[in-house]
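Dear colleague,

Please find below the structure for your records. My notes on the findings follow it.

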Amino acid sequence: LCYIILGIVTSLSQDEAPVLKLPNRSSWANISFDSTVGLQMNSGHSVTALRSDSPSSVNKFAQVLKILSVIYRLVQSNTYATKRDIYYNNTQLFGSQATVDSIVDDISCMLRAPRRSLHVLATSKGLISGDLCYMEEDGMRIDCRSSSAAVPVSSNIAGIRNIVSSAKFIIIVEKDATFQRLMDDDFCTKLPPCVIITGKGVPDMNSRLMVRKLWDTLHVPIFALVDSDPHGIEIMCIYKYGSMAMSFEAHSLTVPSVMWLGLLPSDLQRLQVPSDVLIPLTKNDEKKLSSLLQRPYLTDQPDWQKEMEVMQRTKVKAEIQSLAAISPDFLTNIYLPNKLRYGGWV
Amino acid sequence: MKDMRHLFPEWSAHMEAFLRSFSLVNAEINIHLTVKVDQHTVQYAFGAKVKKKLKLFSPVPLKLDVTCNTQPAIYGKERCWCLGGHPVCGSRLHVSIPPHAMDQGLFGDLSIQFVTLLSPCVLQYPNLATHISNIQLMVFNPSRVPVLKVPRFFQTLPAFLDFEDLGVDTLHCSSKDVQQLCGTSTYTSEPPSCSGPQQETSAVWQRVLVFLFLQLTDPFTSQLTDVMATEVLIERHLEDILNNNRHAMTVALQSELRNTLKAHNCRKKIKEKLNSAAEVILSSSISIVSCSSNLDFRRDCLNRMKVRDTQELSAAFGESLRRVTSWKCVPRHSCYSAKVRGMFAYRHVSGLVLICCHFHFSTDERTFRV
């Protein structure tokens with residue numbers, strides 16, 4: 001961080017406008033795929049230049065400097081702040097929470113330091129339940145075995161220790177609604193011990209870090225239960241292969257061994273899900289599906305490709321909730337147990 | 001150059017203004033003036049260093065003298081500076097001829113072609129702050145000769161212009177500020193009040209020149225004598241013509257000025273954005289340096305800026321940042337660029353002092369001697 005400031009001072013001493021160079025996290029040209037890691041940023045990645053003398057970039061230049069100064073103080077004083085704290089510290093400068101979130105990730109990428117080491121925390125949105133106990137960094141013991149209430153995913157994954165679990169598998173659930181349904185049906189107690197976790201849609205970093213931590217600690221199969229639509233498949237790919245935006249931290253965020261349990265496009269035909277609960281693909285769905293099929297990681301997954309081609313051919317999508325049209329408890333009493341028992345995953 | 005105004009004070013300023021205005025819009029003509037008063041002989045020359053051709057609604061293209069000798073206070077190193085201007089051909093306003101002018105023999109299709117020029121050109125310095133020093137309106141008859149008598153219409157015009165809409169809220173105009181000299185009306189502004197350290201020491205004062213070219217199309221007027229007589233009529237009735245078309249004139253001028261000052265107003269917004277960001281950049285950077293426990297880092301920062309402590313660093317950092325961002329140069333092929341070396345000086349070459357009793361005009365095509 002000192003080098004960045006020294007660079008700015010040096011530019012000014014030479015009568016030149018300071019420029020900040022941020023790695024370009026949104027270009028596919030900067031990403032490569034490794035089957036053991038997932039999507040990761042190339043070492044020779046392109047950068048975006050923020051010039052202090054350009055009206056189009058000077059605001060972002062100032063925002064980056066401001067957050068750098070906040071981070072510096074946090075690290076110096078060994079205190080922590082959330083991204084929300086940073087935003088509310090100067091809402092006029094930042095404009096929106098999304099701006100702060102993006103810049104914190106940019107700084108993390110630029111300094112090649114995980115966000116936690118910048119002393120910036122993110123509020124977790126994920127939930128976890130099942131056969132799992134662990135201790136937080138502050139010594140608080142967390143027991144996820146309650147059948148009535150799920151536990152919020154910790155905001156300090158790196159500080160978790162003493163993980164105890166006899167789970168035989170872990171299920172990543174795309175949606176909170178599905179997660180709650182499994183909770184209501186006591187899913188974790190009916191089958192062999194397991195852990196279920198949800199990021200409530202596109203997962204935040206802590207949810208992804210938690211899944212990775214469980215994989216590193218427990219080495220049990222990890223399944224994904226997502227809607228049979230392009231959005232659900234993309235969310236599943238984020239857990240498995242990572243995202244473009246966070247590719248610089250792929251090693252700590254991805255779990256390449258994740259398997260697709262359901263809802264598979266082929267399940268819709270096989271189970272004869274009623275057509276009135278099937279939804280036609282929109283133009284955006286078709287575009288996203290085509291884009292997913294061209295992603296570098298799918299060449300390694302011919303079975304996933306086949307499923308996606310089924311979806312392309314039938315031109316329909318379905319939510320997991322559509323299984324309730326067969327019978328109300330079909331998901332937890334028949335579908336999932338049979339899938340897990342007879343290897344119905346790809 | 002000898003100042004001869006003390007010999008013939010009354011008409012010298014008018015003569016100078018006339019020749020200057022004439023030369024501005026007839027840049028293809030070089031004017032050599034020799035003044036002989038008793039034993040004293042002084043020679044002057046009016047000519048354009050930088051010319052720009054414009055095609056108006058006229059068979060003869062307009063050649064404007066867009067030379068600009070203004071140089072700003074430039075700090076330090078050699079910089080590109082545009083020594084010319086970029087006139088913009090504006091709208092053409094058709095005006096009606098009042099009945100009593102028609103009774104006197106003034107017929108035809110009369111119009112006013114607007115041409116505007118913002119000078120000096122700072123297009124190569126998109127972040128440089130500008131202030132508007134004055135707005136000059138210059139009226140020319142169809143032969144492109146400056147109208148000698150400026151209509152009173154222009155004295156009252158400021159009252160009808162919406163300066164807030166133009167974004168020149170520091171431009172105060174009253175009749176006493178309106179200088180009228182040989183076809184030129186000048187509305188001057190008050191200098192902006194100092195507002196702290198951000199007040200731009202590198203700001204450039206610009207003036208707006210609005211050329212109003214009267215044009216008459218009359219198929220029954222072709223002989224030179226008829227043309228000259230018609231132009232006399234136009235000048236004689238110019239006040240009435242303008243008053244007869246007051247609303248249209250005001251709207252047209254407002255529109256021309258708004259278009260011309262759009263760039264100036266954009267600069268104001270850019271400057272505000274850059275200044276606001278600079279404050280954050282300065283405070284954040286100095287905050288990191290000040291609370292750093294890394295002595296090498298602090299020493300390096302102080303040494304590079306050639307200061308002794310963080311207080312001096314803050315001042316030097318801020319000044320340097322404002323300077324490099326203000327003087328960001330984006331060269332343009334269309335500018336008449338020359339390298340100028342900076343001094344802490346503001347030089348404006350104003351007009352010549354002359355007293356005329358002997359004219360010598362020469363052009364590429366013909367020579368006039370008066």
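**Salt bridges within the chains**

Arg145(A) counts as exposed, because its relative accessibility is 51% and the cut-off for that class is over 50%. Please note that this is a predicted model. The partner of Arg145(A) in a salt bridge is Asp143(A), with 2.8 Å between the closest N and O atoms. Asp143(A) is partly exposed, at a relative accessible area of 37%.

A second pair in chain A is formed by Arg295(A) and Glu234(A), whose closest N and O atoms are 3.1 Å apart in a salt bridge. Arg295(A) is placed in the loop between helix H12 (283-293) and helix H13 (302-314) of chain A, and Glu234(A) in helix H9 (residues 230-241) of chain A, so this pair ties together parts that are 61 residues apart in sequence. Both Arg295(A) and Glu234(A) are buried.

In chain B, a salt bridge joins Arg308(B) to Glu312(B), with the closest N and O atoms 2.6 Å apart. Arg308(B) is exposed, at 69% relative accessibility, while Glu312(B) is partly exposed, with a relative accessible area of 26%. Over all chains, the structure holds 21 salt bridges.

**The interface of chain A and chain B**

In the interface, 29 residues of chain A are in contact with 29 residues of chain B. The area buried between chain A and chain B is about 2,600 Å², and carbon and sulfur atoms give 70% of that area.

How many salt bridges does the rule find across the interface of chain A and chain B? There is one. In that salt bridge the side chains of Asp15(A) and Arg323(B) meet, at 3.0 Å from N to O. Asp15(A) and Arg323(B) also belong to a network of salt bridges that includes Glu319(B).

On the side of chain A that touches chain B, the elements that give two or more residues are helix H1 (2-13) and helix H2 (58-77) of chain A. H2(A) gives the most to that side, with eleven residues.

Ser54(A) lies in the loop between strand S4 (47-51) and H2 of chain A. Ser54(A) is buried, at a relative accessible area of 11%. Its side chain is joined to that of Ser56(A) by a polar contact of 2.9 Å. When neighbours within four places in sequence are left aside, Ser54(A) is in contact with Leu274(B) and Lys328(B).

**Helix H6 and an annotated span of chain A**

Helix H6 (residues 176-184) of chain A has Thr178(A), Phe179(A), Leu182(A) and Met183(A) buried. Seen down the axis of H6(A), the buried residues fall within an arc of 145 degrees, so they line one face of the helix. Among the elements that cover them are strand S7 (127-130), strand S12 (169-173), helix H7 (187-190) and helix H14 (330-341) of chain A. After H6(A) comes Asp186(A), whose phi is positive, near 55 degrees.

For residues 60-120 of chain A, an unreviewed UniProt entry gives the annotation "domain: Spo11/DNA topoisomerase VI subunit A N-terminal". This span of chain A is 72% helix and 5% strand, and its end C-alpha atoms lie 19 Å apart.

Phe213(B) is found in strand S11 (residues 204-217) of chain B. Is Phe213(B) buried or exposed? Phe213(B) counts as buried, at 2% relative accessibility. Leaving aside neighbours within four places in sequence, the residues in contact with Phe213(B) include Val25(B), Leu56(B), Leu62(B), Ile112(B), Phe140(B) and Arg144(B). Phe213(B) and Gly84(B) are 129 residues apart in sequence, and their C-alpha atoms are 21 Å apart in space.

Lys268(B) has its place in helix H7 (residues 246-290) of chain B. Lys268(B) is partly exposed, with a relative accessible area of 31%. The C-alpha atoms of Lys268(B) and Ser119(B) are separated by 17 Å, and the two residues are 149 residues apart along the chain.

With kind regards

Methods
Residues are numbered from 1 along each chain as its sequence is written. Chains are lettered from A and ligands numbered from 1 in the order in which they are written. This is a predicted model: local features need pLDDT of at least 70, side-chain atom pairs count only at pLDDT 80 or more; totals for chains, interfaces and linings use all residues. Side-chain values use heavy atoms; hydrogens and water are left out. Buried means under 20% relative accessible area, exposed over 50%, partly exposed in between (1.4 Å probe, protein chains only). Helices (H or I, at least four residues) and strands (E, at least two) are DSSP runs, numbered from the N terminus. The arc is that of the directions from the helix axis to the C-beta atoms. Contact means heavy atoms within 4.5 Å. UniProt positions are given in the numbering used here, feature names are shortened, and annotations may be inferred rather than shown by experiment. Buried area is the accessible area (1.4 Å probe) that two parts lose on being put together, summed over both. A salt bridge is a side-chain nitrogen of Lys or Arg within 4 Å of a carboxyl oxygen of Asp or Glu. A polar contact is a pair of N or O atoms within 3.5 Å; within protein, one must be able to donate a hydrogen and the other to accept it, and residues adjacent in sequence count only if both atoms are side-chain atoms.
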